Amino acid sequence: DAEIILLPSLFESFSYTCAEAMAGGKAVIASSKTGMAEMLQHRETGVLVDAENITAIAEGIRLLILDNELRYTISENARNSITTKYNNHQLKEQYIYFYKSVVNTG
């Protein structure tokens with residue numbers, strides 16, 4: 001039932017928790033220094049903060065609590081983004097491209 005998911009991880013490459021939250025239409029606040037920064041665009045599909053800065057984390061939480069419209073927009077954009085980038089067809093095409101590039105360079 002949560003609308004905001006806080007992921008202040010210091011070390012993370014691809015975050016399944018972040019991807020699942022995005023797919024669930026949640027507004028994610030995540031570390032700007034991890035792989036989640038590649039999954040999220042600040043204030044479009046999530047809020048990126050310095051996870052070592054408690055003030056920045058608090059500001060991100062406050063922003064999403066106080067701005068219902070922004071929270072809703074981020075939630076919708078996050079769901080659309082993750083389901084577009086990581087759907088079965090997209091992943092299949094990326095794997096095919098990768099393997100072809102490996103074969104062609106060998």
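User: How many salt bridges does the structure hold?

Analyst: Side chains of opposite charge can pair when their charged atoms come close. In this predicted model, the structure holds three salt bridges.

User: Which side chain meets Arg71 in a salt bridge, and which parts of the chain does the pair tie together?

Analyst: The partner of Arg71 is Glu3, and their side chains meet at 2.8 Å, taken from N to O.

User: Where do Lys33 and Asp50 lie in the chain?

Analyst: Lys33 and Asp50 are joined through their side chains in a salt bridge of 3.6 Å, N to O. This pair links distant parts of the chain, with Lys33 in the loop between strand 2 (27-31) and helix 2 (36-39), and Asp50 in the loop between strand 3 (47-49) and helix 3 (54-66), 17 residues apart. Lys33 is exposed, its relative accessible area being 56%, whereas Asp50 is partly exposed at 25%.

User: Which residue forms a salt bridge with Glu93?

Analyst: That residue is Lys92, and the closest N and O atoms of the pair are 3.8 Å apart. Glu93 counts as partly exposed at 34% relative accessibility, and Lys92 counts as partly exposed at 44%.

User: Turning to the strands, in what order do they form the sheet, and is the pairing parallel or antiparallel?

Analyst: Strands of a sheet pair through backbone hydrogen bonds, either parallel or antiparallel. Here three strands form an open sheet in the order 1-2-3, and the pairing is parallel. Strand 1 and strand 3 are the edge strands, since each of them pairs on one side only. On average, and with direction ignored, neighbouring strands of this sheet are turned by 15° against each other.

User: How many bridges join strand 2 to strand 3, and what is the bridge partner of Ile29?

Analyst: Strand 2 and strand 3, which run parallel, are joined by three bridges. For Ile29, the bridge partner in strand 3 is Val47.

How values were computed:
Residues numbered from 1 in each chain as written. Predicted model: local features only at pLDDT ≥ 70, side-chain atom pairs only at ≥ 80, totals over all residues. Heavy atoms only, no water. Salt bridge = Lys/Arg side-chain N within 4 Å of Asp/Glu carboxyl O. Helix = DSSP H or I, 4+ residues; strand = E, 2+ residues; numbered from the N terminus. Buried < 20%, exposed > 50% of the residue type's maximum accessible area, 1.4 Å probe, protein only. Pairing = 2+ DSSP bridges. Axes fitted to C-alpha atoms, helices over the stretch in contact; angles between N-to-C directions.
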